[in-house]
Amino acid sequence: MAGIGSAIMPPQGAADNEQMETTPDQETGAGEEQPNVTPEEQAQYDQFVENGLEIIYPKGEQAQVSSAVTAHLQGQFEPEAQNLFEKVDPPLANSPVDNVAATGVLIVLTLEGSANGAGHELSDDIILHGGAAILEELIQVAETMKLHDFSEQEVEGVTYRAMDIYRVTSPRADPESLGQEFGQIAEADKAGTL
């Protein structure tokens, strides 16, 4: 079985990026929304997510999910992926939450490696927001495959678990500082201030 990153081309134009976010227009008071990112940043984010979707749906049709993605969502990871996940603590369980989180991390790491190979460095924002969009798509795929019906709490669990797995597996991540940031996010969530 071929892994997720075995047959993808480098992303075209993927570079520093962040998701388009909007805020109410304070000047008009009309509630119009203004972007807080540049059009270039939005285009880069869109390219990152599009490249992720091409990994999930290699033929461009949502009905045809990659066989590697299907296998990973079922907890069937190649030995290379299993080795990558060895340092994850707690260890991966063959659970829907872990399977989606680990699959999402593999896709993000593939996109990140491909972009770096093409001479582009992805910003933390593109990894965070683009990765979240990819996780949302993977949750939908898993539900369509009838692997699991995710509760709202489990959807949050997928995101936190993916962040934790990425912290341990990404060559660019400093596990200690990201671990502290992850702990702060978890505490803010528990306190209801996230």
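Which residue with a positive phi follows α5? Lys 146 follows α5, and its phi is near 60 degrees.

## Basis of the model

This is a predicted model, in which local features need pLDDT of at least 70 and side-chain atom pairs count only at pLDDT 80 or more, while totals for chains, interfaces and linings use all residues. Residues are numbered from 1 along each chain as its sequence is written, and side-chain values use heavy atoms, with hydrogens and water left out.

## Overall make-up

The protein has 7 helices and 2 strands. Helices (H or I, at least four residues) and strands (E, at least two) are DSSP runs, numbered from the N terminus. Along the sequence the pattern is β-β-α-α-α-α-α-α-α.

Of the 194 residues in the protein, 39% are buried. Buried means under 20% relative accessible area, exposed over 50%, and partly exposed in between, for a 1.4 Å probe and protein chains only. Among the contacts with a separation of 6 or more, 71% join residues 24 or more positions apart. A contact means heavy atoms within 4.5 Å.

Helix α5 covers residues 124-144. Its 21 residues should span 30 Å at 1.5 Å a residue, and the end C-alpha atoms are 30 Å apart, which agrees. The expected span is 1.5 Å times one less than the number of residues. Helix α6, residues 152-169, has 18 residues that should span 26 Å, and its end C-alpha atoms are also 26 Å apart. The buried residues of α6 include Val 158, Ala 162, Ile 165 and Tyr 166.

The axes of α5 and α6 come within 10 Å and cross at roughly 130 degrees. Axes are lines fitted to C-alpha atoms, for helices over the stretch in contact, and angles run from 0 to 180 degrees between N-to-C directions. The two helices are therefore oblique to each other; angles under 35 degrees count as roughly parallel, over 145 as roughly antiparallel, 65 to 115 as roughly perpendicular and the rest as oblique. Ile 127, Leu 135 and Ile 139 of α5 meet Val 155, Val 158, Thr 159, Ala 162 and Tyr 166 of α6. This contact has 7 nonpolar, 1 polar and no charged residues. Ala, Val, Leu, Ile, Met, Phe, Trp, Tyr, Cys and Pro count as nonpolar, Asp, Glu, Lys and Arg as charged, and the others, Gly among them, as polar.

## Helices α4 and α6

Helix α4, residues 96-117, packs against α6 at an angle of about 45 degrees, with the axes 8 Å apart. That makes α4 oblique to α6. The residues in contact include Val 105, Val 108 and Leu 109 of α4, and Val 158, Ala 162 and Ile 165 of α6. By class, the contact of α4 with α6 has 11 nonpolar, 2 polar and 4 charged residues.

A cis peptide bond joins Asp 89 and Pro 90, with omega about 0 degrees. Asp 89 is exposed, with a relative accessible area of 58%. Not counting residues up to four places away in sequence, Asp 89 touches Arg 161 and Asp 164. The C-alpha atoms of Asp 89 and Val 168 are separated by 8.7 Å, although the two residues are 79 residues apart along the chain.

Lys 146 is in the loop between α5 and α6. Lys 146 is exposed, with a relative accessible area of 74%. Its positive phi occurs in a residue other than glycine.
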